[in-house]
Amino acid sequence: MPNPIAATTSIGNGIFAIDTDYIRPLLDASHLIVEAGRAAFVDTGTNNSVPLLLDALRQYDVDVADVDYLFLTHVHLDHAGGAGELLKLLPNAKAVVHPRGARHLIDPNKLIEGAIAVYGIERFQKMYGGVTPIDAERLIVVDDLQQLQLAGRTLQCFFTEGHARHHYCLWDPASAGVFTGDSFGVSYRELDTENGEFIFPTSTPIDFDPAEAHKSIDRVMAYEPSQLYLTHYSRVTGLPRLADDMHHSIDAFVRIAMAHVDAIDRTAEIEHSLFDYFVKRLKLHGLRGGTDRVHAILDFDVSLNTMGLEVWLERKAKQTNS
Ligand SMILES: [Zn+2]
């Protein structure tokens, strides 16, 4: 099979976005940081993404032996699914992980089961191509605020646990940017208009926690970044307006979930309301193309966010009853 060609974008300060080809183009990015001949990936996509990440190294003239770190913002498989396979090919790299994520990389069975519960076995195989375990000695388990050096470039991990309890973000002072994984929502470039970027939270199963999600936004903004690098999808600059949008949107997700908590067909009701919410916001945002366009871009997210909100509702109900 010929080597695939990665779609990559240079975004300045030695940072490159690589499309991992997950679900559709421009949905899931891995970022490559290159500093004085050394390199690090932030998130890796899935096993299917690994040949693309290798091609990106070729494109930017980085040898596989020059990669020091795989920063895995969290262990969801669109972010860390390819890490085990990739590490086999990078002799000097270690994966950097939150303390709560480490055991899932060493033994990925829970992650695999979780993904199969959401997508079914057939789609799981197609979307992820399996998950390879990682030896404990190839992990760096970080503390909150821990700094690592990439050829003298300081990168700081800080915990943001609203999307997942094993999530951290990475502060890069050299670019005044933060790699936010899924802690600062999702912003697809297809939804950019003359009003700028459109952003919304991701409440993917199973850890979504609204109070923590608000805190995550505040923690990111406390660095006063001039740009963020989202896994879905890459660089946004419209801060602090996007932070406001995120806070409002987290509250809206909560309102929508609560409004349908006792509905007979709760899933359908929440999906319907979330979709309507996006349509209304996108109309104000100036997106053209009507609801068909919104369906094409956001149906996947609406379904995933609904699942996560229902898990949150159930967790909340259990806590109140116990
Ligand atoms: Zn994600």
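Helices (H or I, at least four residues) and strands (E, at least two) are DSSP runs, numbered from the N terminus. With that said, take strand E8, where Leu150 lies. This is a predicted model, in which local features need pLDDT of at least 70 and side-chain atom pairs count only at pLDDT 80 or more, while totals for chains, interfaces and linings use all residues. Residues are numbered from 1 along each chain as its sequence is written, and side-chain values use heavy atoms, with hydrogens and water left out.

Buried here means under 20% relative accessible area, exposed means over 50%, and partly exposed is in between, with a 1.4 Å probe and protein chains only. Is Leu150 buried or exposed? Leu150 counts as buried because its relative accessible area is 0%. Strand E8 covers residues 147-150; Leu148 and Leu150 make up its covered face, and Gln147 and Gln149 its uncovered one.

Next, the strand pairings. Two strands pair if DSSP finds at least two bridges between them. E8 runs antiparallel to strand E9 (residues 153-159), and four bridges join them. The hairpin of E8 and E9 has two residues between the strands, and in it Ala151 takes a positive phi near 45°.

A second pairing is parallel: four bridges join strand E11 (residues 177-181) to E12. There, Gly177 has Gln227 of E12 as its bridge partner. From E12, Gln227 and Tyr229 point one way, Leu228 and Leu230 point the other way, and all are buried.

Now to the metal site. Donors are N, O and S atoms within 2.8 Å of the metal (3.2 Å for Na, K and Ca); water is not among the atoms, so sites may look incomplete. Which residues hold the zinc ion's protein donors? They are Asp78 (OD), His79 (NE2), Asp182 (OD) and His232 (NE2), at 2.1 to 2.4 Å from the ion. Along the sequence, the donor residues follow the spacing D-H-x102-D-x49-H. His79, in helix H2, and His232, in the loop between strand E12 (227-230) and strand E13 (234-236), link distant parts of the chain, being 153 residues apart. His79 and His232 are both buried.

On geometry, four donors count as tetrahedral if all angles lie between 85 and 135 degrees; four count as square planar and six as octahedral if opposite donors are over 155 degrees apart and all others between 65 and 115; anything else is irregular. The four donor atoms of the zinc ion make angles of 83 to 160°, and the site is irregular.

On a 1 Å grid over the protein atoms alone, a cavity is a set of points where a 1.4 Å probe fits but cannot get out, and a pocket is an open set with protein on both sides within 12 Å along at least five of seven lines; lining residues have an atom within 4 Å of a point. Grid points are joined across faces, edges and corners, and a volume is the space filled by probe spheres set on the points.

The largest pocket holds about 820 Å³. It is lined by 35 residues, and His76, Leu111, His166, Pro205 and Ile206 are the closest to its centre. Helices H2 (77-80), H4 (102-106), H5 (109-119) and H10 (290-321) are the elements that give two or more residues to this lining. H5 gives the most, with eight residues. For classes, Ala, Val, Leu, Ile, Met, Phe, Trp, Tyr, Cys and Pro count as nonpolar, Asp, Glu, Lys and Arg as charged, and the others, Gly among them, as polar. The largest pocket's lining has 17 nonpolar, nine polar and nine charged residues.

The second largest pocket has about 190 Å³ of space. Its lining includes Thr20, Asp21, Arg123 and Met127.

How many cavities of 30 Å³ or more does the structure hold? There are three cavities of that kind. The largest cavity has a volume of about 70 Å³. Among its 13 lining residues, His163, Asp182, Ser183, Thr202 and Ala213 are the closest to its centre. Asp182 is also one of the zinc donors.
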